[in-house]
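Me: I would like to learn how to read the features of a structure such as this one. Please give the general idea each time, then the case at hand.

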Amino acid sequence: MWFFIHNTNAPDAASCKPAHAHAHRDYLRAAQDRMVTAGPYFGADGETRIGSVFIVDFPDLDAARRWIEAEPYTRHGIYARHAIHRYDHLWPKQPNGDDS
């Protein structure tokens with residue numbers, strides 16, 4: 001089951017990230033088999049990172065919640081908040097032609 005996790009950075013995230021960036025990348029790398037996509041999103045200036053989005057595959061909402069709660073940027077307050085929603089891929093069509 002896919003989940004969309006929308007993370008919003010804390011105001012001081014840019015100054016705090018370097019201390020935890022290695023652990024963050026290692027944590028994501030360890031979950032790469034569950035990762036559909038992940039990356040930052042930016043403010044109106046197109047350069048300031050204001051959060052991150054993950055689309056991940058977990059058996060249920062509780063598993064996705066446990067995963068993001070253990071994520072280093074969450075644990076160290078770099079993500080001020082996050083929202084988790086079930087996600088359904090509709091477009092573009094899957095390479096095998098399956099519309100589901």
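Reply: Start with aromatic pairs: the rings of Phe, Tyr and Trp (its six-membered ring) pair if their centres lie within 6.5 Å, and planes under 30 degrees apart count as stacked, over 60 as edge-to-face and the rest as tilted. By this rule the count here comes to 6 aromatic pairs. One of them is formed by W2 and Y87, which are stacked at 6.1 Å centre to centre with 15 degrees between the planes. W2 lies in strand β1 and Y87 in strand β4, so this pair ties together parts that are 85 residues apart in sequence.

As for the basis, this is a predicted model, in which local features need pLDDT of at least 70 and side-chain atom pairs count only at pLDDT 80 or more, while totals for chains, interfaces and linings use all residues. Residues are numbered from 1 along each chain as its sequence is written, and side-chain values use heavy atoms, with hydrogens and water left out.

Me: Are W2 and Y87 buried or exposed, or in between?

Reply: Buried means under 20% relative accessible area, exposed over 50%, and partly exposed in between (1.4 Å probe, protein chains only). W2 is partly exposed because its relative accessibility is 25%, and Y87 is partly exposed at 27%.

Me: What kind of pair do F54 and W67 form?

Reply: The ring centres of F54 and W67 are 5.5 Å apart and the planes stand at 75 degrees, so this pair is edge-to-face. The pair links distant parts of the chain, with F54 in strand β3 and W67 in helix α2, 13 residues apart. F54 is buried, at a relative accessible area of 2%, and W67 is buried too, at 8%. Both belong to a cluster in which ring pairs link Y27, F54, F58, W67, Y73 and Y79.

Me: How are the helices and strands assigned, and how many are there?

Reply: Helices (H or I, at least four residues) and strands (E, at least two) are DSSP runs, numbered from the N terminus. The protein chain has 3 helices and 4 strands, in the pattern β-α-β-β-α-α-β along the sequence.

Me: Which residues of helix α2 are buried, and why are they on the same side?

Reply: An α-helix has 3.6 residues a turn, so residues three or four places apart point the same way. In α2 (residues 61-70), the buried residues are A63, A64, W67 and I68. They are on the same side of α2 because they cover an arc of only 130 degrees around the axis (taken from the directions from the helix axis to the C-beta atoms). The cover over these buried residues includes β1 (2-9), α1 (13-30), β2 (35-42), β3 (49-57), α3 and β4, where contact means heavy atoms within 4.5 Å.

Me: Which residues have the most contacts inside the largest nonpolar core?

Reply: A nonpolar core is a set of buried Ala, Val, Leu, Ile, Met, Phe, Trp, Tyr and Cys residues joined through side-chain atoms within 4.5 Å. The largest one here has 18 residues, and I5, F54, V56, F58 and W67 have the most contacts inside it. At least two residues of this core come from each of β1, α1, β3, α2 and β4. Helix α2 gives the largest share, 4 residues.

Me: What joins the side chains of S52 and Y79?

Reply: A polar contact is a pair of N or O atoms within 3.5 Å; within protein, one must be able to donate a hydrogen and the other to accept it, and residues adjacent in sequence count only if both atoms are side-chain atoms. The side chains of S52 and Y79 are joined by such a contact, of 3.2 Å. S52 is in strand β3 and is buried at 8% relative accessibility. Leaving aside neighbours within four places in sequence, S52 also touches other residues, including I5, H6, N7 and G39.

Me: Where does T74 lie, and which residues is T74 in contact with?

Reply: T74 lies in helix α3 (residues 72-75) and is buried, with a relative accessible area of 13%.
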